[in-house]
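This report covers helix packing and some backbone features of one protein model. The sequence and structure come first.

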Amino acid sequence: MDGLTVIDHPLIVHKLTLMRDKEASTVKFRTLLREISMLLAYEVLRDLELEDIEIETPVAPMKTKKLAGKKLCFVSVLRAGDGLLQGMLDLIPGARVGHLGMYRDPKTLQPVAYYNKLPEKMEDRVAIVVDPMLATGGSGAAAVSEVKRAGATDIRFVALVAAPEGVETFRKEHPDVQVFTAALDSHLNEKGYIVPGLGDAGDRLFGTK
């Protein structure tokens, strides 16, 4: 699908399979999600700019490179987004963090916003919006709209699992935002859940059901 990158590294595929198993414990689910998020981050951040610097190793001076340009901001869509957030922060602990509270109305399946806390100067940052499930696409699209209203222009959206319907809805509203996911599943069921999916990521992550 246009604008969609499926990151199907064997380690990601393996860990996602373990997460999908309904018998996976909360601890196992949480640990695997944190590990997968680090692997996803490598691909999502592949095009970050580098700049030349000079340093001295214990042996000799050298010319090398380090990250340059815009600073990173991870934006977690509460509450399940925090599962992806933690692994990415392990990789880049200096990144700023924003939180957006979005939930899907069980009757209308439409997103409802209840919290917004983003860093200042979002226009100067690369914004990585994270939410494990891109199902109907409504919540993800609404979250990115909030990030755009804060001034961000360089935005990527990261989901663990996506449905074709959700990707299509998201891309119609935000054709300029690339979507990254570990798996593109078959479809949505009548309740708006991804099939085969992995259930409610938030409940499984926090042990609330």
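Lys121 counts as exposed because its relative accessibility is 55%, over the 50% cut-off. The model is a predicted one. Lys121 lies in the loop that links strand 6 (111–117) to strand 7 (125–130). Although not a glycine, Lys121 has a positive phi of about 55 degrees. Most residues other than glycine have a negative phi, and most peptide bonds are trans.

Two peptide bonds are cis. One joins Leu78 and Arg79, with omega about 0 degrees; Arg79 is in the loop between strand 4 (71–78) and helix 3. Another joins Val195 and Pro196, again with omega about 0 degrees, and Pro196 sits in the loop between strand 12 (194–195) and helix 6 (201–206).

Helix packing is taken next. Two packed helices are described by the angle between their axes and the distance between the axes.

| Helix pair | Axes come within | Crossing angle |
|---|---|---|
| Helix 1 (residues 10–20) and helix 2 | 9 Å | roughly 155 degrees |
| Helix 2 (residues 26–44) and helix 3 (residues 81–91) | 7 Å | roughly 60 degrees |

With its angle of roughly 60 degrees, helix 2 is oblique to helix 3. The crossing of helix 2 and helix 3 is right-handed. On the helix 2 side the contact is formed by Leu33, Arg34, Ser37, Met38, Leu40, Ala41 and Tyr42, and on the helix 3 side by Gly83, Leu84, Gln86, Gly87, Met88, Asp90 and Leu91. By type, the residues of this contact are 8 nonpolar, 4 polar and 2 charged.

Helix 1 and helix 2 run roughly antiparallel to each other, and their crossing is left-handed. From helix 1, Leu11, Ile12, Lys15, Leu16, Leu18 and Met19 meet Lys28, Phe29, Leu32, Leu33, Glu35, Ile36, Leu39 and Leu40 of helix 2. The residues of the contact between helix 1 and helix 2 comprise 11 nonpolar, no polar and 3 charged. Leu33 and Leu40 of helix 2 take part in the contact with helix 1 and in the contact with helix 3.

Helix 4 (residues 138–149) has 12 residues, which at 1.5 Å a residue should span 16 Å; the C-alpha atoms at its ends are 17 Å apart, in agreement. Helix 4 is largely enclosed by the rest of the structure, because 10 of its 12 residues are buried. Among the buried residues are Gly138, Ala142, Val144, Glu146 and Val147. Just after helix 4, Gly151 takes a positive phi of about 110 degrees.

Key
Residues are numbered from 1 along each chain as its sequence is written. This is a predicted model: local features need pLDDT of at least 70, side-chain atom pairs count only at pLDDT 80 or more; totals for chains, interfaces and linings use all residues. Side-chain values use heavy atoms; hydrogens and water are left out. Helices (H or I, at least four residues) and strands (E, at least two) are DSSP runs, numbered from the N terminus. The expected span of a helix is 1.5 Å times one less than its number of residues. Buried means under 20% relative accessible area, exposed over 50%, partly exposed in between (1.4 Å probe, protein chains only). Axes are lines fitted to C-alpha atoms, for helices over the stretch in contact, and angles run from 0 to 180 degrees between N-to-C directions. Angles under 35 degrees count as roughly parallel, over 145 as roughly antiparallel, 65 to 115 as roughly perpendicular and the rest as oblique. A crossing is left-handed if the near helix is turned anticlockwise from the far one by less than a right angle, and right-handed if clockwise. Contact means heavy atoms within 4.5 Å. Ala, Val, Leu, Ile, Met, Phe, Trp, Tyr, Cys and Pro count as nonpolar, Asp, Glu, Lys and Arg as charged, and the others, Gly among them, as polar.
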